[in-house]
Amino acid sequence: MENLTGIIQGFQTFFIPGIMIYAFLGFFVGTFFGAVPGLTATLAIALLLPVTYSMDIVKALVMCMGIYMAGMYAGSITATTINIPGAPSAMMTAIEGHKMMQKGQGAKALGQAAFASMIGGTIGSVLLMIIAPFAVKLALLIKTPGKFSLIFFAFVVVILAQRKSIAKGAVATILGIMTATVGIDIMQPAARFTFGIDPLVQGIDMMPLIIGTFAISELLIQSEKSSDEYKLINKEMINQKIKRKDFLPSLKDIKEIGVFTYIKGALIGFFIGVLPGAGGSMASFLSYAEAMRSSKDPDKYGTGTLEGIAAAESANNAVCGGALVPMLTFSIPGDAVAAVVLGVLIINGLQPGPRLMTTQFHLIAPMFAALFFSALVILPLTLYLLGPYFIKIVSINRKILYTSIALVAMVGGYVSTYSVFQMLMTLVMGVIAYILRKQNYPTVSLLLGFILGPMIEKYFRRALYISEGNPLIFFTEWDSIIFLILTVIFYYFLAIRKPIYITKVLEKNQPK
Amino acid sequence: MNQKILFRKMNPTSLLAIILIITNTIYLIDGIRTAPMVKNGEIGITFFPIIVSILLYLAAIFIFISGAREENGLFFRLSKISKPGAIVIITLIYVLIFKELGYLLSSILYVFSLMFLFEEKSRSKKSNLLNIVYSFIIVLLIYLLYQKLFGVRLPVGEVF
């Protein structure tokens, strides 16, 4: 009852025009970043990070939710029209959507992607509001050894979620943990890993790491691309004629797909979102694979089917709600965007966890309302009113775009601590992330390692202090045992016994 | 010919694994020098990082071995890395002059340099002039966003 009252009050706060406007603003920013290939919602929030210092935290979080929801959807516009997913989560939509576009059914595909995103996003945010309070109660029961095992479990899932190379996922995660160890120790007033460089005593701030990893590395990668590639994209986009009504799905199509497909996609998306490091691309992939497995006519997949689009899009938007559950209750972000939102909270002096959710719920509840409202109202409304113009934004002058991103990123690195050294660290982290990305190392794992590293070390050391150095404490406390068993189960299903139908989908569809 | 073969037997996967192993060794040595892992029966400040460092060795060695199985050699396409390299150098210079020249002047120079690098058409007097105008506008807009709208203090140089 108390939670319900809190959520209602959150909606009341959100509906204050001065706050709600930030959800719209975030939605437009998110649509832009989601639609332009190479730019992501993660990058948008990373660039926003420095200004959240001076913003009201409620407004900042509301804006982040608008960006998050829009960023998940907007990738499907370019995925359908020109077969280039604006965001990784739209990869499966590109397979079916673009085939439909080639058959002259692009409008149907766009309409279905918008509708499924709306349903998925709404279900995801409702589940967030229902499940988060229970997760808080669960979090309160976990003691120090259990907290260690929970983060250990999170790390294992983060690493295993990297389907292409588990070893590279492990390296990226460990590099994140090591980066976080630089500077003053987390429990004692002693410096470590400064390598004789005095400014390193202050450590590496979260802001330079986030901005460098997501903004500077993207700038370096984009600079490699020739302008001819962009000219081709722009030319194709200009040729696309999309009308307002294209974003409206037909009732007949919805009936044919079946309500269960949307709900199932949303549920898959939500629970994949809860898992650390999995994110929108894995959710849309698994939901698509499941829809294909359970379909009456699986052969139509890959040839342009609305069912595939509905499954993928409802799942990736439901991730938004799912990824916030562990972030808010256990400080473990479900995906890259949730990790950067966690950064917004930490930078503003708020530590996610049961205490935040109980004593400062009034700051968090408007964020739930913003996520719900973005999916149910802003998404369909803005698409209907401005959808045809969103196509044009892809053709923005990249010279202006990337120089602006570079300037915002570097100045952002400075304002975190008003230190030129942290500005330099932004560049250093950007170069490291660029090298890692060139070799297909997941930079999201690097960020999660950086965020969770100090936590796992703290719980590890505290647990050993309690047990007077006896490591058996991790195998004798019930909460710790549960998470260790979960780790083994997930390892078995993610690394040893992969479902056969997933391999089949991978073989059948090789997205461009 | 702008494609230079630096090594034939090495490939990018293995090279990066070697760099990781070297970096990890520096990290490990620094950790060992800083404090003992266990002191008076209690674990020290370097205990956990050293365990993590050992895990990195294992993962990096695994990557090195799988990289060694790849057949492609180490190629550096200079034309491909020249732009990112130039951006890194320009940004480094920007960091060094940021406080000395102040936000406005250093940022105008930075943005103009990047625009020059990202120039898609042939560089002409007209495009250079346009880039200067764009640089002024971008720097001013971001100045207004940070300094005026969000009250962030940006450094002021001796000139302006």
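# Briefing: chains A and B

The contact between the two chains takes 48 residues from chain B and 48 residues from chain A; two residues are in contact if their C-beta atoms, placed from the backbone, lie within 7 Å. This is a predicted model, in which local features need pLDDT of at least 70, side-chain atom pairs count only at pLDDT 80 or more, and totals for chains, interfaces and linings use all residues. Residues are numbered from 1 along each chain as its sequence is written, while chains are lettered from A and ligands numbered from 1 in the order in which they are written.

**The side of chain B that touches chain A**

- Helix H1 (12-34), helix H2 (47-68), helix H3 (78-101), helix H4 (103-118) and helix H5 (125-149) of chain B each supply at least two residues of this side.
- H3(B) gives the largest share, 11 residues.
- By class, this side has 34 nonpolar, 8 polar and 6 charged residues. Ala, Val, Leu, Ile, Met, Phe, Trp, Tyr, Cys and Pro count as nonpolar, Asp, Glu, Lys and Arg as charged, and the others, Gly among them, as polar.

**Chain B**

- Chain B has 5 helices and 4 strands. Helices (H or I, at least four residues) and strands (E, at least two) are DSSP runs, numbered from the N terminus.
- Along the sequence, the pattern of chain B is β-α-β-β-α-β-α-α-α.
- Of the 160 residues in chain B, 27% are buried. A residue is buried if 20 or more other C-beta atoms lie within 10 Å of its own, exposed if 12 or fewer, and partly exposed in between, with C-beta atoms placed from the backbone.
- For chain B, 68% of the contacts between residues at least 6 apart in sequence join residues at least 24 apart.

**Chain A**

- Chain A contains 23 helices and 2 strands.
- The radius of gyration of chain A is 22 Å, close to the 24 Å that the globule rule gives for 512 residues, so chain A is as compact as a globular protein of that length. This radius is taken over C-alpha atoms, and the globule rule is 2.2 Å times the number of residues to the power 0.38.
- Along the principal axes, the C-alpha atoms of chain A fill a box of roughly 70 × 50 × 45 Å.
- Buried residues account for 60% of the 512 residues of chain A.
- In chain A, 79% of the contacts between residues at least 6 apart in sequence join residues at least 24 apart.

**The largest nonpolar core**

- This core has 217 residues, of which Ile45(A), Met69(A) and Val171(A) touch the most other members. A nonpolar core is a set of buried Ala, Val, Leu, Ile, Met, Phe, Trp, Tyr and Cys residues joined through C-beta atoms within 7 Å.
- Helix H4 (residues 57-82) of chain A provides the largest share of the core, 17 residues.

**Positive phi values**

- Phe193(A) has phi near 50°, a positive value in a residue other than glycine. Phe193(A) lies in the loop between strand E2 (191-192) and helix H9 (206-224) of chain A, and counts as buried because it has 21 C-beta neighbours inside 10 Å.

**Confidence**

- The mean pLDDT (the predictor's confidence in each residue, from 0 to 100) of chain A is 86, and 91% of its residues reach 70 or more.
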